[in-house]
Structures are given as structure tokens and as C-alpha cells.
Amino acid sequence: MLFASCRTAEILMSEGISQSDQPVAREGLQGDLFSKFDPLIKQRTDLLSSGQEDPFSLVMEKVLSPTQAICNGRETILLGTYNYMGMTFDPDVIAAGKQALNDYGSGTTGSRVLNGTYQGHKQCEEALKDFYGMDHAMVFSTGYQANLGIISTIAGKGDYVVLDIDSHASIWDGCALGNAEIVPFKHNDIDAMEKRLRRIPEGAGKLVVLEGVYSMLGDIAPLKEMIAVAKKYGAMVLVDEAHSMGFIGENGRGVAEAQGVMDDVDFIIGTFSKSVGTVGGFCVSNHPKFEIMRLVCRPYVFTASLPPSVVATAATSIRKLMHNADKRAHLWENSQRLHKGLTDLGFKLGTDAPQSAIVAVLMPDLEKGAAMWEALLTEGLYVNLARPPATPANMTLLRCSLCAEHSEEQVGTILGMFERAGKAIGII
Amino acid sequence: MERAQVESRILSLIEPFNKKGIEISDETSFAGDLEFDSLTVMDFVAAIEDEFDIIISMNQQAEIEKFSQLVDAVCKLQNR
């Protein structure tokens, strides 16, 4: 029941997954495995038949900078890319990538545990160890695979994974891939988490999975309190810091650092596809036996490693992110400016105060949200449309993620675009 | 706790989630008849867990479709 059916829909409809298939009529076909997608196909057809541009099939025709691209032939400000630190066009990062492409070729054609570990992969892991001040670092081909691999491998049969209900799809999929008992609790609810930990049978292994920043609303977790509770019950703690790396905490290590509890986190999961500005994922840890993961973690073993140019850009970017106090400060200013501006315009936001570089604008429903998304795109602004059931409490959101490279002037322009679009659609 | 007692407690816990006032029988399904979505499921499961001081993991929830199966599961979990 209770969950199985719902989760399937959730995975299918989670953010960013494009369902570009047209509803081809195959009436009367017995045993069509695609008939389970009919409700989703109908919802999409209904939305698009109203003339609405498809929010999940946008093509970036040209990318001009971390904050600007050409979409539909129009110059567009990017406000939904998670490119928090604007590293994608950093000259040092690009030079490192070009050099590695020349020196090592276009790809490794192999697993990390066979022929797919180059010098660059090790240098990337060294950069991560230095960045986080931790003993071990393991680079995966994506952030998704890092969560998938670590969670499914360390929590085995008879163990319990206790996780926030608003966890990212990669965390849920890590749970689904493994054999542990899965116990979710209400978002950021310390008491609900404690009750579940207390009821776990004595002697069972426990893994608590939390995120520093939750990407839908841009809110942060009370990690200090939650980790203290987890430790009281003898649980290991994994924190996904995908949306905090590079700008939250004194050294940009994330929310756990900002709240002074880095030493109590057993595993930090992160990604290269946000602040680092390329693609890849990782886990860092001080666990003395951590290196064995390289042999037992299937999403690490049974896939090809990242191309040499990608790990070279990642390593260069990570090292540069260690010394970026000015950019960090500017990113926070941008976040505060946008949050205040949108609040003053009368928009309803996901958080009362800016807690991260994500500002989520609440929409009354999917139709209005999609219309607003298109109106903003016509104005020359790209944001993410996030819709139920990927969103908490069935909300439709326009998610804005700021970049340290957004100028003060651009944020002003963005607010003007929101004002015009919001009035045209009738939201403000 | 006797099965009948478990059943009546669960019935009263379902009430606030039973928006359409569907009559509950052993065969009533949560997803189909009561139209529980994943958010409702979370709150409902939490209410049951708190009432009986048990954990119903998602793995166990996957096996529960109907009212009678939930009563069975709660009886079993309680006696552990």
C-alpha cells in the first residue's frame, strides 16, 4: 500500500525529469507496460495543449557566462542552475580541463577499481580531503550515485535508516537499493526523529540521513540538535551537503561546519554539479575502515569513472573554493537582496528569512506556476519550476538559486521581471 | 492488547484522515478507498506509531494495503 504505490509516482515525477514522450494512442493494446504512465501523460498534454511552453524541455542554445544564456533566441538571466559560485567559466578551471583533455584523452573507459583511476582522480580526492579536513575521500561519477552507493552499502539487512521525509530522490533510491529497514520522519522534526530512534530494537545498526540545505524550499536543518540526538542513540550520521558546499560555514564545508558539529558527522555526501561547477559526486569520512567501500560499493565499482578533464576541473575548482571569502559574501548579499525584494513585492516565499542561496517562490497552483514560469522566460529569466509530488506539501514552486557572479544590477533586473510577470499572471 | 482493542484504536485514529467518511471494513484499502497520498500516509503512520509505541518501517508498510492487514501488523509488532 501505503507507500509503495506513492513512491513510484514520486520518482517518476520528481524535479527535472523530462517526460517528453507524446501520448501515442495504442488503444486496446494488451499488456502495454506504459499504461501506468497515462495519468502523467494526460496531465502534461492538458497543460501543454493550453499553449503553455513545456517547462521541462527548455534548451540552452548558447551559454554566455555562469549567469547568462541564450534560450529561444533570447538573452536570458540564469536564476535556477545551482551554479552557486560561478566556477563554470573560471579561467583556471577551464585551463586545467583542457590540459587534462590533451594529456589523458577524452575518457577513462573503465571502473575506478580497474583501469579508471588516473592521477587526476587521486588529485581530486586529495583536494576533497584538504577542503573538508577529513581522512578519506571517494569520488563517484555523480552525486546521485554517491548517495545511492553509500546508503545502500553501509546500511544492510537488519539495520535501520532513519531519514527526513523531504530527502532528495538519490537518498530515497539509496534506501530502495539496499536491504535495511527504512524509517522516515517529518521534515526537520527533532522529536519525531528521536521517537523513531528510541523505538528501534536494541542492537540494530542505525544510520541517520540528513541534508544541510533542503533544495526545494532552501531551508536548512537544525543539524546541531539532530546530530546530538542521533549520537545519543548510537546512530551513525550521514549529511548531504550538496547545496551548501563552498559558501556555508567558515571554510565552505557546509551547514554542519556552520553549526559547529563537523566532528560528529560520520559521512558527508556532496556533488561537483553545483558550487564546483562540473559533474561528479563524493563522500568524505574519517571512518578508519572507509577505504573498503571502494570494493563493496556497487554504484562505485560497476560504472565508468569520470573523464580526466572533469576531475581536473573539479580538483582545480575545489582548491579555489577554499579561498573565496569575497565571493561568498557577495552570494549572501544577493540571496538577501532577492529575498527581501520578492517579499516586498508581495510574493510568498518558502522561508521567512534567506537561509541559503535558494529562494523558493510559492505558487498558488501548477497552472499559475507554469504560466508564471513562462512569463518570466519571456521576460528573459530562467528559474526552476518544481511541482508536486516532488515538492513538500504538494506545493508548486518557482525555485531561484543565486550565483556569486550575479551582479547587484542583475538582481535589480530580476526583481523588475518578477514584478511585471507576477502582475500579468495575477499572483501579486 | 487484544485484537479488538487494537482495531478500535486504529479506527479512531483513521477518523481525522477519513475526509469522505468512508465506512471502514477489513477490506478497506488505504490508497484506493481512502485515497491516502504519501503525505497523509506519513502523518497517519506517525499517529499509529505514537499510539502503540512501535515502528512500522516503509518495508513493512509496503505489505499493508487493507485495514485488516494494518491491524494484523500492529498486533504483531506490539508483541515483539
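Reply: What follows begins with the aromatic pairs and then turns to the places around them.

This is a predicted model, in which local features need pLDDT of at least 70 and side-chain atom pairs count only at pLDDT 80 or more, while totals for chains, interfaces and linings use all residues. Residues are numbered from 1 along each chain as its sequence is written, chains are lettered from A and ligands numbered from 1 in the order in which they are written, and side-chain values use heavy atoms, with hydrogens and water left out.

A pair of aromatic rings is described by the distance of the centres and the angle of the planes. Here the rings of Phe, Tyr and Trp (its six-membered ring) pair if their centres lie within 6.5 Å, and the pair is stacked if the planes are under 30 degrees apart, edge-to-face if over 60, and tilted for the rest. By this rule there are 16 aromatic pairs over all chains. One of them joins A:Phe140 and A:Tyr300, edge-to-face, at 5.5 Å centre to centre with 70 degrees between the planes. Since A:Phe140 belongs to strand 4 (residues 136-140) of chain A and A:Tyr300 to helix 11 (residues 298-301) of chain A, the pair ties together parts that are 160 residues apart in sequence; helices (H or I, at least four residues) and strands (E, at least two) are DSSP runs, numbered from the N terminus. A:Phe140 counts as buried at 2% relative accessibility, and A:Tyr300 counts as buried at 3%, where buried means under 20% relative accessible area, exposed over 50%, and partly exposed in between (1.4 Å probe, protein chains only).

In chain B, the rings of B:Phe17 and B:Phe44 have centres 5.5 Å apart and planes at 70 degrees, so this pair is edge-to-face. B:Phe17 is in the loop between helix 1 (3-14) and helix 2 (38-52) of chain B, and B:Phe44 is in helix 2 of chain B, so the pair links distant parts of the chain, 27 residues apart. B:Phe17 counts as buried at 18% relative accessibility, and B:Phe44 counts as buried at 1%.

Returning to chain A, A:Tyr82, A:Tyr84, A:Phe247 and A:Trp332 form one aromatic cluster. A:Tyr82 is in the loop between strand 3 (74-78) and helix 3 (91-104) of chain A, and with 13% relative accessibility A:Tyr82 counts as buried. The phi angle of A:Tyr82 is near 60 degrees, a positive value in a residue other than glycine. A ring can also have a charge over it: A:Lys36 lies over the face of A:Phe37, at 5.5 Å from the ring centre, the rule being that NZ of Lys or CZ of Arg is within 6 Å of the ring centre and within 35 degrees of the ring normal.

In soluble globular proteins, nonpolar side chains tend to be buried together. A nonpolar core is a set of buried Ala, Val, Leu, Ile, Met, Phe, Trp, Tyr and Cys residues joined through side-chain atoms within 4.5 Å. The largest such core has 93 residues, and those with the most contacts inside it are A:Leu128, A:Tyr132, A:Phe272, A:Leu338 and A:Phe418. Leaving aside neighbours within four places in sequence, A:Phe272 is in contact with several residues, including A:Leu128, A:Val139, A:Phe282, A:Leu306 and A:Ile318; contact means heavy atoms within 4.5 Å.

A:Ser285 is found in strand 12 (residues 281-285) of chain A, and at 0% relative accessibility A:Ser285 counts as buried.

Finally, helix 4 of chain B holds several buried residues, including B:Phe67, B:Leu70, B:Val74 and B:Leu77. The buried residues of helix 4 pack against helix 1, helix 2 and helix 3 (58-61) of chain B.
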